[in-house]
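The report that follows describes a single protein chain and is meant to be read beside its sequence and coordinates. It begins with individual positions and then turns to cores, a pocket and the chain as a whole.

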Amino acid sequence: MTILLFLAFIGLVTGGFMILSLSPFEFAESITKVFCSRKKTLAQMIKEATSDKKVKGIKKTILETKEILEVTGKNHLFGTLTVFSIILFIAGTFFSLMLNNFLMIPVMAIGFSMLPFWYVMFTANFYKKQLNAELETSLSIITTSYLRSENFILAVEENVSYLNPPVCDVFKHFLAQTNLINADLRFALESIKFKVANEVYREWIDAVIACQEDKTLKTTLTPIISKLSDMRVVSAELDILLYEPMKEFITMAILLVGNIPLIYFLNKSWFDTLMNTVVCKGVLAISAAALFISLAAVIRLTRPIEYRR
């Protein structure tokens, strides 16, 4: 009966979308406007800068996911991600109803809905590693050409065909800026400074800008790039330690979830008690909540090493 009522609810929601001629993606976009950046007044900006209150919990995860998508140039996928989150929210509710465990409904619904955002945060770690490796190669060859020719635009033109995205796109924008829009080299460098979310890259851009006024400062470029090499070496050495919490989490999650069918085969009366009594339903809900909270904490612990000035 519960499943039939839930299917009726799904049909009601689907019919509502059809009557209103509204697609799930349009509905998701209207929801994402809550997390989109709005123009703030000066008073609001001062209040945020002086306030010690920080964004926490689910809102922090969603905002961080949005920032990651913007950095990787995939911010158009945020609406799609929200649609998947809503679908998983419904799936988590449906799963709890199938188990006839109403205490687990909020836990499974919220936990399942956060899975797409946690997935983006986890895969962003691999993107950052690839970005650091590409930056190390790209900045090295451009710096070598610049030290030889003392002409930064020429150095970029000589090597832009050897660069890979997303660094390649940044320097193509730089060449278009200097050749077609504005010949001011300093302005063009400032325009690409924040197109890559990397502190070493921004420090390198600042050094290149300083070199336009004093050519003797070009010797500072190579030590800056060496920081990327140091980060790569340290990251390689600590990879095992960084992903150790994830391995432990996967092991404990398998043991926790695997115990439920194991109890069924060992003693069916114990399994009936676990699934049908109020106390045991609460224990299952608490265990599921601990599982999702641990997953969120582990994903934050496995972030790659980054340089901070």
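Pro165 counts as exposed because its relative accessibility is 59%, a value that lies over the 50% cut-off for that class. The model is a predicted one, and in it Pro165 is found in the loop between H7 and H8. The C-alpha atoms of Pro165 and Leu131 are separated by 8.8 Å, although the two residues stand 34 residues apart along the chain.

A second pairing of this kind involves Thr222, whose place is in helix H11. Thr222 lies 83 residues from Leu139 in sequence, while the distance between their C-alpha atoms is 9.0 Å. When neighbours within four places in sequence are left aside, Thr222 is in contact with Thr143 and Leu147. With a relative accessibility of 44%, Thr222 counts as partly exposed.

Most residues other than glycine have a negative phi. Asn100, however, is not a glycine and has a positive phi of about 60°; its place is in the loop between helix H5 (78–98) and H6. Glu150, which lies in the loop between H6 and H7, likewise has a positive phi, near 60°. Asn100 has a relative accessible area of 41% and is therefore partly exposed, and Glu150, at 38%, is partly exposed as well.

| Residue | Relative accessibility | Class |
|---|---|---|
| Pro165 | 59% | exposed |
| Thr222 | 44% | partly exposed |
| Asn100 | 41% | partly exposed |
| Glu150 | 38% | partly exposed |
| Asn159 | 10% | buried |
| Ser138 | 0% | buried |

Which backbone oxygen does the side chain of Ser138 reach? Ser138 is found in helix H6, and its side chain reaches the backbone oxygen of Glu134 at 2.8 Å. Ser138 counts as buried because its relative accessibility is 0%, where the class requires a value under 20%. Beyond its neighbours within four places in sequence, Ser138 is in contact with Leu163 and Val167.

Not counting residues up to four places away in sequence, Asn159 touches Ile141, Ile142 and Ser145.

The discussion now moves to the nonpolar cores. The largest nonpolar core has 34 residues, and those with the most contacts inside it are Phe152, Phe171, Phe174, Leu189, Tyr201 and Trp204. At least two residues of this core are supplied by each of helix H6 (105–149), helix H7 (152–159), helix H8 (167–181), helix H9 (185–192), helix H10 (199–211) and helix H11 (221–242). Of these helices, H10 contributes the largest share, 8 residues. A second, separate core of 29 residues includes Ile62, Met121, Met246 and Leu284.

Apart from its neighbours within four places in sequence, Phe171 is in contact with Leu139, Ile142, Phe152, Val156, Val160, Leu163, Ile192, Tyr201 and Trp204.

What volume lies in the second largest pocket? The space in the second largest pocket is about 440 Å³. Its lining consists of 19 residues, of which Met104, Val257, Ile260, Leu284 and Ala288 are the closest to the centre. H6, helix H12 (244–266), helix H13 (268–276) and helix H14 (278–301) each supply at least two residues of this lining. By residue type, the lining divides into 17 nonpolar, 2 polar and no charged residues.

At the level of the whole chain, the model contains 14 helices and 0 strands. Buried residues make up 34% of the 309 residues in the chain. Among the contacts with a separation of 6 or more, 65% are accounted for by residues 24 or more positions apart.

Key. Residues numbered from 1 in each chain as written. Predicted model: local features only at pLDDT ≥ 70, side-chain atom pairs only at ≥ 80, totals over all residues. Heavy atoms only, no water. Core = buried A, V, L, I, M, F, W, Y, C linked by side-chain atoms within 4.5 Å. Buried < 20%, exposed > 50% of the residue type's maximum accessible area, 1.4 Å probe, protein only. Helix = DSSP H or I, 4+ residues; strand = E, 2+ residues; numbered from the N terminus. Contact = heavy atoms within 4.5 Å. Polar contact = N/O pair within 3.5 Å; in protein donor to acceptor, adjacent residues only side chain to side chain. 1 Å grid on protein atoms, 1.4 Å probe; cavity = no way out; pocket = protein on both sides within 12 Å on 5 of 7 lines; lining within 4 Å. Points joined across faces, edges and corners; volume = space filled by probe spheres on them. Nonpolar A, V, L, I, M, F, W, Y, C, P; charged D, E, K, R; others polar.
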